[in-house]
Amino acid sequence: MLTNLGNFGTNAAGYGYSVGVAINASGQITGQSSVYDASGSNKGQAAFRSDGSTVTNLGNFGTNTSGYGYSNGVAINASGQVTGDSSVYDSSGNPKGQAAFRSNGTTLTNLGNLGTSTVGVGYSIGLAINASGQVAGNSDVYDAAGNYKGQAAFSSDGTTMTNLGNLGTNTSTGYGYSYGVAINVIGQVTGYSDVYDAAGNYKGQAAFRSDGTTMTALGNFGSDTAGFGYSSGRAINASGQVAGNSGVYDASGNFKGQAAFRSDGSTVTNLGNLGTDAAGIGFSYGVAINASGQVAGYSGVYDAAGNYKGQAAFRSDGTTMTNLGNLGTDASGFGFSYAEAINARGAIVGYSNVDSDADGFFDRFHALYWDRSELFDLNDLVSLKSYEYLESASAINDAGQIVGYGRNTNNGSFFAFRIDIRDALVPVPGTVALLGLGLALLGFGHRRARLRVRTRHG
């Protein structure tokens, strides 16, 4: 069943948008929606929480003098607590930056920041939340005099924001940068940090894992001749395994692309790629990881002769990278697909380019679902109006409920959706071939809509 989650009003032409970003085990969803008043005037954007029938506006931290404000729902935990960010305005409508929040659906709590400028402006964003309500994200850093000192990953229990530090600073400016991206059930945070040596020389970027006290660099797959390397942590599971990506260099410091990795905190495993070019350069990115350590992501695809053939979503068990395919190729034989999320059973959602008018050229993205070696276009599994399509699937829970967003081609608007894949995998005209898989699944029981991270340097 497809559920359109609606929005908070439309303009005079009927345009409105909403995007579903994350879903918890019970099917509660968070994301963001445009806000229009009764006369169709734009009043900004609001984070929401929805149970599939009621969509709740989570509010914001003030508005400007025109009544405009914005907030974004980014992550939701099992009890329905949401984190994200909101614009901040004082009582006179003056902008005071942006703040990470935690909401229980009724009260929006400002998590603060790691200092403000001399005019009282600060920035923070919440990007992940665990079962106990701990939030991870990043914040601009200012000293007591209001001097900008970079940006730092943080964890917050809803009362205290803890600066997780960084992997060195620029000695001439005192600036350091780290970014908290994900948090697990025991409060371990992963993300990435700029790296400086003892002399303050910039050495690239490293994925990290932090227990709230110590930030541990997870390493990379080599560095260039100047010692520059980079890696980034993107997701972390309950046992502390991290998925992400790293630059790859050979022993002579020659660049060989980028590779998805899985790390247990001491060993970083290169998950490989789906082929390389004639020079041996390939790329892959780890995006999500489940409890059993399966990683989802996407990789460049090359044929045996080293010819580039596009990009494909993958699933890896740490040893074998499986190409999940795509939803068609263009006239040149190129295909593109991207994984966004993976659940406990290893089912994956994301999106793929499609040639909807069969003219040999890609003209849109379609939301996809992959499970047990089968790839499905979610648009084929549900009933839609002739002017609607599902563009991207952002998240999937362990019950098989999928959240994402679709498009209305009449007015260009976006709509958040939720699908229960167990209901969707029932034959509809043109999809009789799905019957066998649908029956098999009856017992079973992550610009694209990218998360916006606002950063300021200087």
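Colleague: Where does Ser373 lie?

Modeller: Ser373 is in the loop between S28 and strand S29 (374-377). Keep in mind that this is a predicted model.

Colleague: What is phi of Ser373 near?

Modeller: Phi is near 75° for Ser373, a positive value in a residue other than glycine.

Colleague: And is Ser373 buried or exposed?

Modeller: Exposed: the relative accessible area of Ser373 is 59%, and the cut-off for exposed is over 50%.

Colleague: What about Ala358, where is its place?

Modeller: Ala358 sits in the loop between strand S27 (348-354) and S28. Ala358 is not a glycine either, yet has a positive phi of about 55°. With a relative accessible area of 67%, Ala358 is exposed.

Colleague: Changing topic. What is the strand order in the open sheet of four strands?

Modeller: The order is S1-S32-S31-S30, with antiparallel pairing. Strand S1 (2-4) and strand S30 (388-396) are the edge strands, each pairing on one side only. On average, neighbouring strands of this sheet are turned by 30° against each other, direction ignored.

Colleague: How many bridges join S30 to S31?

Modeller: Seven, between S30 and strand S31 (residues 401-408), and the two run antiparallel.

Colleague: Which residues have the most contacts inside the largest nonpolar core?

Modeller: Ile402 is one of them, along with Tyr369, Leu378, Leu390, Ile419 and Ile421; that core has 19 residues. At least two core residues each come from strand S28 (364-371), S30, strand S32 (414-420) and helix H1 (421-424).

Colleague: Back to S1. Is Thr3 buried or exposed?

Modeller: Thr3, which is found in strand S1, counts as buried because its relative accessibility is 13%, below the 20% cut-off.

Colleague: And what does Thr3 touch?

Modeller: Gly52, Ala416, Phe417 and Arg418, leaving out residues up to four places away in sequence.

Colleague: Now the aromatics. How many aromatic pairs does the count come to?

Modeller: The count comes to 20 aromatic pairs. Among them, Tyr148 and Tyr175 are edge-to-face, at 5.4 Å centre to centre with 80° between the planes. Tyr148 is in strand S12 (residues 148-156) and Tyr175 in the loop between strand S13 (161-163) and strand S14 (176-183), so the pair links distant parts of the chain, 27 residues apart. Tyr148 is buried at a relative accessible area of 8%, whereas Tyr175 is partly exposed at 24%.

Colleague: What about Tyr338 and Phe365, how do they pair?

Modeller: Edge-to-face as well, with 6.4 Å centre to centre and 70° between the planes. Tyr338 lies in strand S26 (residues 335-342) and Phe365 in strand S28, so this pair ties together parts 27 residues apart in sequence. Tyr338 counts as buried at 14% relative accessibility; Phe365 counts as partly exposed at 21%.

Colleague: Which residues form one aromatic cluster with Phe365?

Modeller: Phe283, Tyr285, Tyr298, Tyr338 and Tyr351. Phe283, in strand S22 (residues 282-289), counts as buried at 17% relative accessibility. Phe283 and Tyr298 are 15 residues apart in sequence and 8.7 Å apart in space, C-alpha to C-alpha.

Colleague: Last one. Which ring does the charged end of Arg364 sit over?

Modeller: The ring of Tyr389, 3.9 Å from its centre. Arg407 lies over the face of Phe414, at 4.1 Å from the ring centre.

Notes
Residues numbered from 1 in each chain as written. Predicted model: local features only at pLDDT ≥ 70, side-chain atom pairs only at ≥ 80, totals over all residues. Heavy atoms only, no water. Pairing = 2+ DSSP bridges. Axes fitted to C-alpha atoms, helices over the stretch in contact; angles between N-to-C directions. Core = buried A, V, L, I, M, F, W, Y, C linked by side-chain atoms within 4.5 Å. Buried < 20%, exposed > 50% of the residue type's maximum accessible area, 1.4 Å probe, protein only. Contact = heavy atoms within 4.5 Å. Phe/Tyr/Trp six-rings, centres within 6.5 Å; stacked < 30°, edge-to-face > 60°. Lys NZ or Arg CZ within 6 Å of the ring centre and 35° of its normal.
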